[in-house]
Amino acid sequence: MTRENLQKAFLTLVLIIVFGLPLILRSPTYLHILVLLYLYAYLTTSWNLVGGFAGVLPLGHAAFFGIGAYTSTVLYVQYGVSPWFGMVLGGVLASITGVMIGLPTFKMRGAYFALATIAFGEGMRVMVENIDHLGPFNINGPRGLQIPPLNVGLANLMFTNKEPYYYIILVMLIAVLAVTYFISRSRLGYYLNAGGEEPEAAMSLGVNVARCKLIAMAMSSFLTALAGSFYAQFSLFIHPKSVISLDLSFEIAFIALIGGRGSIVGPVLGALLLRPVSDFSRIYFGATLPGLHLIIFGMVLILVMIYLPRGLQQPLTKAYNGLLNRLDRRSR
Amino acid sequence: MAFLEISNIDVSYGDVQVIFDLSLKVYEGEVVSIIGGNGAGKSTLLKTISGLLHPQQGSISFEGKPIHVSPPEEIVNLGIVQIPEGRKLFTLMSVRDNLIVGGYNNRANRHIAQLMEEVYGLLPRLRERESQLAMTLSGGEQQMVAIGRGLMAKPKLLMLDEPSLGLAPILIRDIFETVRKIADQGTTVLLVEQDVKHSLSLSDRGYVLENGRIEIEGLAEALLENSHVKTAYLGA
Amino acid sequence: MKKPIKEIGVCSAVLWVLTMALGAGSVCLAQDKVVKVGNIIPLSGPSASVGQQGKNAREMAVEEINAAGGIKSLGGAKLVMLYTDSESKPEKGVAEAERFINTEKVHVLTGCWNSAVTYPTTAVAERYGIPFIVPVSVADKITEQGFKTVFRIAAKDSWWTRDQFAFLRDMEKEFNAKLEKIAFVYENGDWGKGFAEQWKELAKKGDYKVVLDEPYPSTATDLSPIVQKIKRANPDVLLLVSNAADAILLTNTLADYRVKLKAIIGSGGGHADPSFLQAAGKNAQYLFDIVEWETDVNKPGAKEANEKFKSRYGYNLAGESVDAYLAMYVLADAMERAASLDPVKIREALATTNLGSGRGMIVGYDAVEFDKTGQNKHASLVMVQINDIGKGMERITVWPKNARRAGYQPVFPMP
Amino acid sequence: MVFILEDTINGILMGSIYGLTALGLTLIFGVLKVINFAHGSLLMVGMYVAYWAVTLSGAHPYLTLILVIPVMYLFGYYLQDIVIKPIFKAESEVREPITVIIVTTGVWYVLDNLTLLIFGPHYRTIQENPLRGKMLELGGMLISVPKLWGFSAAVLTAAAVYLFLQKTSMGRAIRATSLDREAASLMGIKQFKIYNIAFGIGTATAGIAAVTLVPFYNVFPTVGVLFDIKGFIIVVLGGLGSIGGAILGGMIIGVIESVGPQFMAATWAEGIVYGLFLLFLFVKPSGLFGVRYDW
């Protein structure tokens with residue numbers, strides 16, 4: 001087998017496993033955990049378009065997530081509009097917001113950008129918490145919105161069991177990974193990367209770094225908002241402190257950095273490590289030794305960063321490539 | 001025995017190797033020039049001597065002691081002082097404070113006042129500018145501060161990285177005159193320059209560095225006559 | 001760099017194996033005949049304090065029930081408690097409910113204190129038909145979602161606000177003092193907003209003049225601007241909804257700025273937190289608070305239960321922990337009658353609960369009986385006043401009058 | 001209009017304390033070029049140290065500075081030395097290593113929850129202290145005495161740190177490192193030792209802030225988070241790395257928070273702070289005292 005075929009075979013194997021998993025893993029608990037894992041991998045991959053390729057550290061993506069969640073929920077609950085439509089509209093709104101916030105902030109350097117996005121995210125939360133009605137829309141301030149689980153079905157993006165959610169978020173994840181893959185190979189990806197590492201050099205080559213970053217931001221916020229709508233339909237309850245929280249913005253960034261920012265598989269790897277650590281340590285220690293699970297989480301963050309500052313993808317891609325090479329050689 | 005002896009070093013920036021199997025010697029009291037084009041590895045070489053980078057292979061010794069694994073502050077304490085490319089002044093500090101920080105190392109810090117007088121003696125302009133922020137000075141003055149700051153460290157071996165960079169010709173002459181004075185007072189000087197004519201004319205010996213390798217070495221006058229040097233660097 | 005990578009790999013592998021082994025272990029346990037109770041409460045994060053109290057109260061009740069022979073109709077089956085930390089986050093509550101129901105196969109769920117966590121979590125229980133006992137999340141909505149499996153022990157917020165105003169009326173009559181101007185100050189969350197909306201209605205009905213209606217962020221680091229606002233609005237009565245940190249800060253700041261009020265009425269929560277009395281000390285004197293229960297309640301067993309609790313955990317039972325304590329007895333009673341681990345039967349038994357006596361009934365009201373929505377019909381509230389009558393600051397029941405501590409004369413209006 | 005004056009004074013006093021909590025943040029950022037997300041947790045640790053020092057000794061809260069300052073200095077020094085330094089070494093080529101941010105966040109989680117594990121979730125205040133509840137009456141205005149002390153502590157600390165940086169040899173070395181790491185190394189300055197010291201000083205100032213808060217504030221495991229975001233806003237407003245800017249930025253936030261609610265709901269005043277912050281970033285990103293493109 002050639003190297004290319006090996007890679008294809010490997011990819012097919014992974015796809016078979018992830019698509020077949022619900023057939024073996026019948027427990028809704030684990031499906032629920034997996035749905036959230038994929039959701040976070042999806043969010044982080046979307047974040048990566050800005051945070052990874054454009055070389056800045058946005059810490060306010062929860063605002064876009066919130067825009068998506070609120071748009072689809074308000075439209076669905078109060079006007080009966082299908083969440084699929086709300087999802088796209090939320091994406092568009094988030095994308096406009098993203099460009100508006102990106103215009104002034106992309107001029108900033110490192111820490112300023114990070115802090116500005118934190119303030120943007122928190123400011124968004126404060127606004128939602130303070131506003132009960134936005135024109136004809138009831139967003140209910142700090143009390144959040146419930147989605148009555150009445151009309152189950154694909155049209156309403158609402159199901160009684162976990163499997164449909166699992167497949168929807170899986171497809172979304174694969175789609176966003178594909179998008180990233182193509183962007184990373186496109187001119188835009190190249191420019192973004194160049195602009196992230198050597199902004200002056202890129203600029204001198206005539207690359208419009210600012211515009212590239214804005215395009216990335218628009219895409220990233222659009223994709224993030226889609227996940228917000230999905231999450232709202234999955235959990236059927238949203239409120240500002242859960243969908244527009246700093247914790248969420250941070251966790252997305254953590255997953256990216258732990259996995260390896262700027263790489264395509266990084267977010268997935270990061271989610272694969274951090275989500276189980278966070279879930280299982282809470283399950284096993286959360287009740288007996290309050291806080292221990294967050295100590296473990298914190299320790300994992302510290303240790304991975306000390307030993308693998310480039311993230312998990314670095315040794316794993318090396319191992320993967322090594323394996324491919326070995327198989328490749330053996331088959332010849 | 002050579003004052004500074006570099007033997008067969010390889011140096012890389014990340015995955016990119018910049019210096020290949022390089023050896024050179026500097027004897028006490030000499031002025032040695034390293035010349036070469038952009039990207040030849042000159043700055044990398046100086047950074048390696050200063051301990052900002054460490055060689056993957058080979059060794060560097062100073063007065064017989066190996067220094068290639070030492071951190072920069074220890075190397076400064078031994079008396080090797082670099083005046084970095086682009087001056088790298090502490091822009092938001094006064095000229096005086098820049099000089100004081102220059103004398104931070106163990107050998108110099110007890111003689112700050114005396115050293116400062118010596119520096120002001122050599123570079124009287126700096127005394128006038130004493131309380132001005134370094135960033136408000138002109139390019140030539142900034143280079144003076146950089147040199148003064150280097151002298152504050154009481155160097156045994158002073159390394160200058162492109163001191164003429166970005167300066168008007170008249171200022172360049174000033175700078176080289178100052179370097180000559182420093183050498184005449186007994187400080188060994190290792191000079192990295194693109195301005196080959198000036199630097200070789202005040203040096204004792206020279207090395208030509210190309211693509212991370214020493215291509216030619218010899219006495220300064222001989223190098224000035226060398227045909228390769230002439231065509232490649234002197235534009236003749 | 002090679003070695004550390006290996007270490008990390010080994011570490012994470014060990015972690016995985018460990019968690020999986022633990023997971024397998026907990027599944028094995030489920031074979032004995034036990035009643036598994038899943039409790040979702042905040043044990044870390046901003047509400048950790050109340051979560052911990054609820055956990056302690058549950059633990060004490062379950063120990064008592066099991067020591068007394070467990071569920072006799074199930075052959076002495078023991079109650080087995082499973083706890084999990086919601087961190088006050090809805091998504092964690094939902095995930096944990098899923099896990100408790102599907103993986104741990106719990107028979108009953110309880111929780112979650114934060115109303116924002118309780119809504120979506122009860123929806124999960126409803127979907128699987130697992131009974132969910134809510135000791136204290138007070139938002140009306142929780143029992144008004146049309147769910148069949150949700151049972152709330154505590155009063156809902158419309159009753160809390162109703163009783164706060166009834167209390168005010170009664171006190172005005174009793175002490176012949178007319179209070180007119182009223183101020184609302186509350187944390188800007190679903191709890192505070194819920195109360196404030198009902199206060200507004202009640203104030204209108206009761207002919208009070210609302211001089212201030214002020215939400216504040218419960219993460220505020222300085223509450224003196226709010227206190228100044230209160231001072232300048234110059235109300236007679238101040239109604240509060242606060243979490244612990246802000247309740248303490250607000251009380252101390254009110255005292256600092258010498259704000260003269262005729263009555264301050266809290267709404268449990270932060271004001272009922274055991275740390276509150278310790279941290280606010282003398283500044284809390286004469287403050288009224290509405291609670292479900294107080295240590296001086298005139299009920300057999302109440303005093304003993306509190307003493308036992310205090311000697312074990314170092315602080316008094318509070319209204320909210322008593323609800324958790326009672327919830328376990330309500331559950332035991334229902335299990336006894338259900339004589340089955342079938343959730344449908346348990347739900348039916350819970351729905352027909354009429355518990356009027358027994359060790360758990362140390363609450364002020366007569367019985368626990370759920371209406372169609374799952375709300376405890378009898379749940380009632382008492383008002384306490386914080387005062388020092390010789391043994392340091394303590395909480396003294398003053399209202400309703402028939403529950404008032406013998407010999408105590410409430411101080412009203414505040415001097 | 002006296003009330004506006006009264007609120008402004010309160011805002012300035014409380015704001016100066018915010019500034020003091022942010023002082024270490026700005027110092028650490030200035031030198032290490034890293035946002036220390038664990039700063040609020042360091043403040044929290046300081047508050048626990050001060051709380052226990054006062055409770056166990058019964059001394060005047062400000063007297064515990066003798067203990068708190070060295071304890072916090074060493075804590076910060078070794079935290080940087082043991083936990084954060086390795087990442088700097090691994091990422092030595094990066095000017096603003098983002099990985100360090102993640103590590104400081106990890107430290108935040110660990111510290112907050114370790115405190116929860118050890119001391120429990122309770123809220124503590126020091127009942128018996130000579131500053132508690134003291135108010136100064138001034139022409140019909142009430143001014144909090146503990147906040148007045150806090151204000152003095154903030155101004156004195158800022159002045160002391162400023163003078164230290166300007167006038168001492170170590171201070172110059174710290175400034176030199178913050179301006180140009182590589183050049184500083186070439187002067188014989190030990191970069192990582194400077195980082196340790198800067199982190200130590202930053203942590204010690206958080207300790208001082210903790211002492212000013214303890215007489216009138218609650219102590220609990222998550223208390224630091226409340227001051228964290230505020231600190232970030234303050235340091236950007238004042239100019240990252242600027243000592244005076246931190247105090248002034250704190251005062252601005254304090255005044256908005258104090259005067260704002262008199263004209264609107266307090267929850268909106270919080271929004272105004274974020275709005276102003278963003279506006280400021282767009283108009284003058286270097287902050288009040290920061291130098292453009294310096295960082």
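I started with C:Lys105, which I found in the loop between α3 and β3 of chain C. Helices here are DSSP runs of H or I with at least four residues, strands are runs of E with at least two, and both are numbered from the N terminus. C:Lys105 has a positive phi of about 50° although it is not a glycine. I noted that most residues other than glycine have a negative phi, and that most peptide bonds are trans. C:Lys105 is exposed, with a relative accessible area of 52%. For the record, buried means under 20% relative accessible area, exposed means over 50%, and partly exposed is in between, using a 1.4 Å probe and protein chains only.

Before going on, I wrote down the ground rules: this is a predicted model, in which local features need pLDDT of at least 70, side-chain atom pairs count only at pLDDT 80 or more, and totals for chains, interfaces and linings use all residues. Residues are numbered from 1 along each chain as its sequence is written, chains are lettered from A and ligands numbered from 1 in the order in which they are written, and side-chain values use heavy atoms, with hydrogens and water left out.

Next I checked C:Asp207, in the loop between α6 (190-205) and β7 (209-216) of chain C. Its phi is near 65°, a positive value in a residue other than glycine. C:Asp207 counts as exposed at 64% relative accessibility.

**Backbone: cis peptide bonds**

I looked up two cis bonds in chain C. One runs from C:Gly111 to C:Cys112, with omega near -10°. C:Cys112 belongs to the loop between β3 (108-111) and α4 (115-128). The bond from C:Trp399 to C:Pro400 is also cis, and its omega is near 0°. I found C:Pro400 in the segment after β12 (393-399).

**A covered helix in chain B**

How many residues of helix α1 of chain B are buried? I got nine of nine for this helix (residues 42-50), so I put it down as mostly covered by the definition above. Among the buried ones are B:Lys42, B:Leu45, B:Lys47 and B:Ile49. Just after the helix, B:Gly51 takes a positive phi of about 90°.

**A serine inside chain A**

I then turned to A:Ser72 in helix α3 (residues 62-79) of chain A. A:Ser72 is buried, at a relative accessible area of 0%. Contact here means heavy atoms within 4.5 Å. Leaving aside neighbours within four places in sequence, A:Ser72 is in contact with A:Pro83, A:Gly86, A:Met87 and A:Ser229. What does the side chain of A:Ser72 make with the side chain of A:Ser229? I found a polar contact at 3.4 Å. That term covers a pair of N or O atoms within 3.5 Å; within protein, one must be able to donate a hydrogen and the other to accept it, and residues adjacent in sequence count only if both atoms are side-chain atoms. I also noted A:Gln233, 161 residues from A:Ser72 in sequence and 8.7 Å away in space, C-alpha to C-alpha.

**Aromatic rings and charges**

Rings of Phe, Tyr and Trp (its six-membered ring) pair if their centres lie within 6.5 Å; planes under 30 degrees apart count as stacked, over 60 as edge-to-face and the rest as tilted. My count by this rule is 51 aromatic pairs over all chains. A:Tyr79 and A:Phe137 form an edge-to-face pair, 5.8 Å centre to centre with 75° between the planes. This pair links distant parts of the chain, 58 residues apart: A:Tyr79 is in helix α3 and A:Phe137 in strand β2 (residues 137-138). A:Tyr79 is partly exposed at 43%, and A:Phe137 is partly exposed at 31%. In chain C, C:Phe309 and C:Tyr315 are edge-to-face at 5.8 Å and 70°, and both are buried. I also found a cluster linked by ring pairs, with A:Phe250, A:Phe254, A:Phe297, D:Phe37, D:Trp108, D:Tyr109 and D:Phe232 in it.

A charge sits over a ring if NZ of Lys or CZ of Arg is within 6 Å of the ring centre and within 35 degrees of the ring normal. The charged end of B:Arg213 sits over the ring of B:Phe20, 4.2 Å from its centre. D:Lys89 lies over the face of D:Phe192, at 4.9 Å from the ring centre.
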